[in-house]
Amino acid sequence: GVYLLGIIVLFLGVKERDDPYALNSDRAIPFCKGLALTMKHGPYVKLTASFLLISTAVQLEQGNFVLFCTHAAGLRNHFQYLVVTILVSAVLSVPFWQKFLQRFGKKCAACGISWMIPFAVMLVTIPNLILAYFVAFVSGLSIAASLLLPWSMLPDVVDNFRLQNPHGKGHETIFYSSYVFFTKMSAGIGLGISAAGLEFAGYKPGICRQSDNVILTLKLLIGAVPAILILLGLFILLFYPITEESRKETKLALEELR
């Protein structure tokens with residue numbers, strides 16, 4: 001029912017418009033050629049690689065949080081409330097991140113994704129109920145930033161590509177569909193890492209007490225591995241070339257083209 005409702009809202013509520021920057025001589029880019037061009041576009045490659053790593057880290061954090069609370073932190077009776085705290089924090093902080101990136105820039109706002117790292121490490125080393133709720137709150141803030149930022153940066157990449165390829169149109173669908181594919185792939189990678197790590201450590205579902213190897217693996221999957229992935233993703237994002245100044249220049253150039 002929810003799926004059908006989404007389709008109806010999209011069909012009735014969104015009106016398709018022609019590309020306002022397209023010239024009469026412009027031609028639609030064939031899919032294979034367009035995919036090859038987008039995969040060679042530097043800003044898109046850097047943005048996708050960065051958030052592929054960051055999304056994988058978030059998937060690891062989300063996917064193993066309940067197991068960590070149950071078996072490693074002794075918070076078996078609180079994990080439902082901790083998950084609700086994460087979700088509420090993420091939803092409520094989206095307007096904050098929107099205002100933040102408008103004022104300080106999108107690359108600066110990406111640093112908010114790293115907020116979860118020190119608190120997750122603290123929770124792994126000092127399992128405490130109050131700290132767990134604080135970590136859940138901060139994780140919600142970081143998750144909101146990791147979900148909002150790529151979708152706000154992707155239109156800048158599309159505009160940059162449009163300016164460099166002024167006589168092609170129809171490339172937006174390739175950018176967005178391939179980015180969705182990479183986000184889905186990050187979810188698969190996160191699940192694969194979790195499943196392989198827990199199986200290797202000897203995780204047995206259904207038992208009340210897991211082995212020390214499983215507990216150590218859960219700590220690594222919650223603390224060390226996401227921290228490394230987030231730092232790698234933010235390091236790649238440092239080389240993302242589109243700044244607020246270049247974005248404004250691109251917008252002016254496209255307006256002149258229009």
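Predicted model: local features only at pLDDT ≥ 70, side-chain atom pairs only at ≥ 80, totals over all residues.

Modeller: Let us begin with accessibility. A residue is buried under 20% relative accessible area, exposed over 50%, and partly exposed in between, with a 1.4 Å probe and protein chains only. Gly197, at 21% relative accessibility, therefore counts as partly exposed. Gly197 has its place in helix 8. Its C-alpha atom is separated by 53 Å from that of Leu257, 60 residues apart along the chain.

Biologist: How many helices and strands does the protein have, and in what order do the elements run?

Modeller: Helices (H or I, at least four residues) and strands (E, at least two) are DSSP runs, numbered from the N terminus. The protein has 10 helices and 2 strands, and from the N terminus on the order is α-β-α-α-α-α-α-α-β-α-α-α. Taken along the principal axes, the C-alpha atoms fill a box of roughly 70 × 35 × 35 Å. Buried residues make up 40% of the 258 residues.

Biologist: What share of the contacts join residues at least 24 apart?

Modeller: A contact means heavy atoms within 4.5 Å. Among contacts between residues at least 6 apart in sequence, the share is 80%.

Biologist: Which residues does UniProt list for "transmembrane region"?

Modeller: UniProt positions are given in the numbering used here, feature names are shortened, and annotations may be inferred rather than shown by experiment. The unreviewed entry lists residues 78-97, 109-126, 132-154, 174-198 and 218-242. In the model, residues 174-198 are 100% helix and 0% strand, with end C-alpha atoms 36 Å apart. For residues 218-242 the span is 80% helix and 0% strand, and the end C-alpha atoms lie 37 Å apart.

Biologist: How many salt bridges does the count come to?

Modeller: A salt bridge is a side-chain nitrogen of Lys or Arg within 4 Å of a carboxyl oxygen of Asp or Glu. By this rule there are 2 salt bridges. One joins the side chains of Lys106 and Asp156 (2.7 Å, N to O). Lys106 lies in helix 5 (residues 106-109) and Asp156 in helix 7, so the pair ties together parts that are 50 residues apart in sequence. Both Lys106 and Asp156 are buried.

Biologist: Are Arg247 and Glu244 buried or partly exposed?

Modeller: Arg247, at 25% relative accessibility, counts as partly exposed, and Glu244, at 23%, counts as partly exposed too. Their side chains meet in a salt bridge (3.1 Å, N to O). Arg247 and Glu244 are 3 residues apart in helix 10 (residues 244-257), so about one helical turn separates them.

Biologist: What lines the second largest pocket?

Modeller: On a 1 Å grid over the protein atoms alone, a pocket is an open set of points where a 1.4 Å probe fits, with protein on both sides within 12 Å along at least five of seven lines; lining residues have an atom within 4 Å of a point. The second largest pocket is lined by 15 residues, of which Ser55, Gln59, Leu147, Thr183 and Ser186 lie nearest its centre. Helix 8 gives the most to this lining, with 6 residues.

Methods
Residues numbered from 1 in each chain as written. Heavy atoms only, no water.
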